[in-house]
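Take a walk through this model with the sequence at hand.

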Amino acid sequence: MLPASATRRLPRWLDGLLEAVGLPLVLLVLWALSALVAPNRYFPAPWRIAEAFVKTWVGESFFVDVLPSIGRLLVGLALAIVIGIAVGLLIGSVRWLRQFVEPVFEFFRAVPPPMLVPLLAITLGIGDTAKIAVIVAGAVWPILLNTVEGVRAVDAVQRETATSYQLSTVQRVVYLTLPSAAPQIMAGIRQSLSIAIILMVISEMTNSSSGLGLRITFFQQNFQIPEMWSGIVLLGFIGIALALLFQIAERLVLGWYRGLKETERA
């Protein structure tokens, strides 16, 4: 953080930029210095990774491996969000159904999604469908469970008000349940982002002909260390891009909620 006097002299956007990139720049400089002082084959210098990044991912590999992986990731996330919210709304609204399915949910939630990769490969083949199913199988749970809890936490007075105004089921969901549960739903989606990226890579490590997971595994098995690190860096960039997109979506969806909280603090 900059001193308060320096912060006041800087534009707000520049101050925010320095706060965002300050620590990464420091770590990058320390990394470069350590590579010069004590070179390590398995922890190459940043410039070697940057060179490998350009050679590996700028060109044909971007279309053969990167874009298909991102496509599967986005489709899997979208399906997980739709399924998680839809099923969570239903289960959270019906008490007996929630009690009925809870033991089954606990069982399936305890099964690590990577263990489903061989099963899904047998049942769905080795194409994109199985890989997307793996992403959905792991990413759906935080969304679903947070949606259930968000629906359960809807204020009882608001429920009674909706009943007294004789709102239809659709009107209750659109104007009461979804807005009230939105903060927890968005929290569940945030948790699912990193899970989806991990499962995207795992699903591509075996029985795959393309994808980031396959290429990174290939580099690791053939001791192409800079290329392997470049793939890891690329995954980090994808994670940052997803996080930024999520922040934009969260501000749009929860703008009213943030305003309410600021009003309460005032």
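Helices (H or I, at least four residues) and strands (E, at least two) are DSSP runs, numbered from the N terminus. Gly231 is found in helix H11. This is a predicted model, in which local features need pLDDT of at least 70, side-chain atom pairs count only at pLDDT 80 or more, and totals for chains, interfaces and linings use all residues. Residues are numbered from 1 along each chain as its sequence is written, and side-chain values use heavy atoms, with hydrogens and water left out.

Begin with the whole chain. The protein chain has 12 helices and zero strands. Read from the N terminus, its elements run α-α-α-α-α-α-α-α-α-α-α-α. Buried means under 20% relative accessible area, exposed means over 50%, and partly exposed lies in between (1.4 Å probe, protein chains only). Of the 266 residues of the protein chain, 35% count as buried.

Return to Gly231. At 0% relative accessibility, Gly231 counts as buried.

Next comes the interior. A nonpolar core is a set of buried Ala, Val, Leu, Ile, Met, Phe, Trp, Tyr and Cys residues joined through side-chain atoms within 4.5 Å. The largest such core has 46 residues. Trp57, Leu73, Met200, Leu212, Leu234 and Leu235 touch the most other members. At least two residues of this core come from each of helix H3 (46-57), helix H4 (60-93), helix H5 (95-110), helix H6 (116-124), H7, helix H9 (169-205), helix H10 (212-221) and helix H11 (225-253). H9 gives the largest share, 11 residues.

Now follow helix H7, residues 128-152. The expected span of a helix is 1.5 Å times one less than its number of residues. For the 25 residues of H7 this gives 36 Å, and the end C-alpha atoms are 36 Å apart, which agrees. There is still a bend to find. The bend at a residue is the angle between axes fitted to the seven residues ending there and the seven starting there. H7 has a kink of about 35° at Val140, shortly before the proline Pro142. Of the 25 residues of H7, 18 are buried, so this helix is largely enclosed by the rest of the structure.

Charged pairs come next. A salt bridge is a side-chain nitrogen of Lys or Arg within 4 Å of a carboxyl oxygen of Asp or Glu. The whole structure holds six salt bridges. One of them joins the side chains of Asp65 and Arg215 (2.7 Å, N to O). Asp65 lies in helix H4 and Arg215 in helix H10, so this pair ties together parts that are 150 residues apart in sequence. Asp65 is buried, with a relative accessible area of 4%.

Another salt bridge joins Arg72 and Glu204 (2.8 Å, N to O). This pair links distant parts of the chain, with Arg72 in helix H4 and Glu204 in helix H9, 132 residues apart. Arg72 is buried at a relative accessible area of 5%. Glu204 counts as buried too, at 0% relative accessibility.

A further salt bridge is formed by Arg190 and Glu250 (3.0 Å, N to O). Arg190 lies in helix H9 and Glu250 in helix H11, so the pair ties together parts that are 60 residues apart in sequence. What cover do the partners have? Arg190 counts as partly exposed, at 41% relative accessibility. Glu250 is buried, with a relative accessible area of 11%. Salt bridges that share partners also join Arg72, Asp128 and Glu204 into one network.

Finish on the outside. Patches are made of residues with over 30% relative accessible area and no salt bridge, where like charges are joined within 9 Å and nonpolar side chains (Val, Leu, Ile, Met, Phe, Trp, Tyr) within 5 Å. Leu23, Val26, Leu27, Val29, Leu30, Leu33, Leu36, Val37 and Trp47 form a nonpolar patch on the surface. Together they have about 940 Å² of accessible area, a value from the Shrake-Rupley method with a 1.4 Å probe, where for residues only the protein chains shown count as cover. Helix H2 (residues 12-37) supplies the largest share of the patch, eight residues. Val37 sits in helix H2 and counts as exposed at 73% relative accessibility.
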